[in-house]
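Please open the model in your viewer and keep the selection tool at hand.

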Amino acid sequence: MLLRHAKAERTEGGMLDHQRRLADRGRADAATIGAYLARHGLAPDLAIVSTALRTRETWEHLASGLSHVPPVTYEDRLYNAPAQAILALLGATNASVRTLLVIGHNPGLHEAARLLIASGDVEARERLNEGLPTAGLAVIDFAGDDWHKLHPHGGRLERFVTPRSLAAADRV
């Protein structure tokens with residue numbers, strides 16, 4: 001599962017990008033995604049989270065909605081990582097981890113998702129191709145059970161949700 005961090009505050013004079021906090025909407029959106037994961041039984045065995053404040057806060061608000069909070073690793077290499085670096089991190093995951101959640105940043109996370117996906121729901125793939133918005137979640141399934149064998153175009157997009165798409169579905 002690849003999740004872009006939730007909506008963050010804008011950078012203000014002298015503030016480092018790494019220290020940007022979540023906006024009110026971001027905190028609510030992260031909690032919405034956490035509730036979605038819990039409701040649909042999408043329980044990660046491990047979360048790998050960028051060390052940026054906004055990604056750590058996204059994790060905290062998301063995790064508060066999970067019935068079982070998995071171990072988390074804060075990974076400095078995820079901060080503004082390009083797609084190939086993200087794929088290398090995924091490939092280094094221990095085989096005992098069946099379901100992995102990665103919380104990071106665009107453009108690398110969006111590029112990694114697009115690079116990994118070969119099939120899946122056409123509409124969801126088209127929406128993901130358009131962009132990975134804040135708190136956007138791509139759930140990708142792989143046939144194998146060895147992260148070391150992960151390769152481009154080896155995954156199937158199982159679902160792509162955003163807080164906005166979840167709110168629209170609730171209105172229907």
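Predicted model: local features only at pLDDT ≥ 70, side-chain atom pairs only at ≥ 80, totals over all residues.

Begin by selecting residues 24-39, which form helix α1. These 16 residues reach 23 Å from the first C-alpha to the last, close to the 22 Å expected at 1.5 Å a residue. Within α1, colour Gly-26, Asp-29, Ala-30, Ile-33, Gly-34, Tyr-36 and Leu-37, the buried residues. Viewed down the axis of α1, the buried residues fall within an arc of 160 degrees, so they line one face of the helix. On the other side of α1, Asp-24 and Arg-39 are exposed. Just after α1, select Gly-41, where phi is positive at about 65 degrees.

Next, move to Thr-55 in helix α2 (residues 53-63). Thr-55 counts as buried, with 0% relative accessibility. Beyond its neighbours within four places in sequence, Thr-55 contacts His-5, Val-49, Ser-50, Ile-103, Gly-104 and His-105.

Then display the largest pocket, which holds about 590 Å³ of space. Its lining comprises 29 residues, and Arg-98, Ile-140, Asp-141, Phe-142 and Trp-147 are the closest to its centre. Strand β6 gives the most to this lining, with 5 residues. By class, the lining of the largest pocket divides into 17 nonpolar, 5 polar and 7 charged residues.

Finally, turn to the second largest pocket, with a volume of about 230 Å³. Select its lining residues, among them Arg-25, Asp-29, Arg-127, Phe-160 and Arg-164. Helices α1 and α6 (163-171) each supply at least two lining residues, and α6 gives the most, with 3. This lining divides into 3 nonpolar, 4 polar and 4 charged residues.

Note on methods
Residues numbered from 1 in each chain as written. Heavy atoms only, no water. Helix = DSSP H or I, 4+ residues; strand = E, 2+ residues; numbered from the N terminus. Expected span 1.5 Å × (residues − 1). Buried < 20%, exposed > 50% of the residue type's maximum accessible area, 1.4 Å probe, protein only. Arc of directions from axis to C-beta. Contact = heavy atoms within 4.5 Å. 1 Å grid on protein atoms, 1.4 Å probe; cavity = no way out; pocket = protein on both sides within 12 Å on 5 of 7 lines; lining within 4 Å. Points joined across faces, edges and corners; volume = space filled by probe spheres on them. Nonpolar A, V, L, I, M, F, W, Y, C, P; charged D, E, K, R; others polar.
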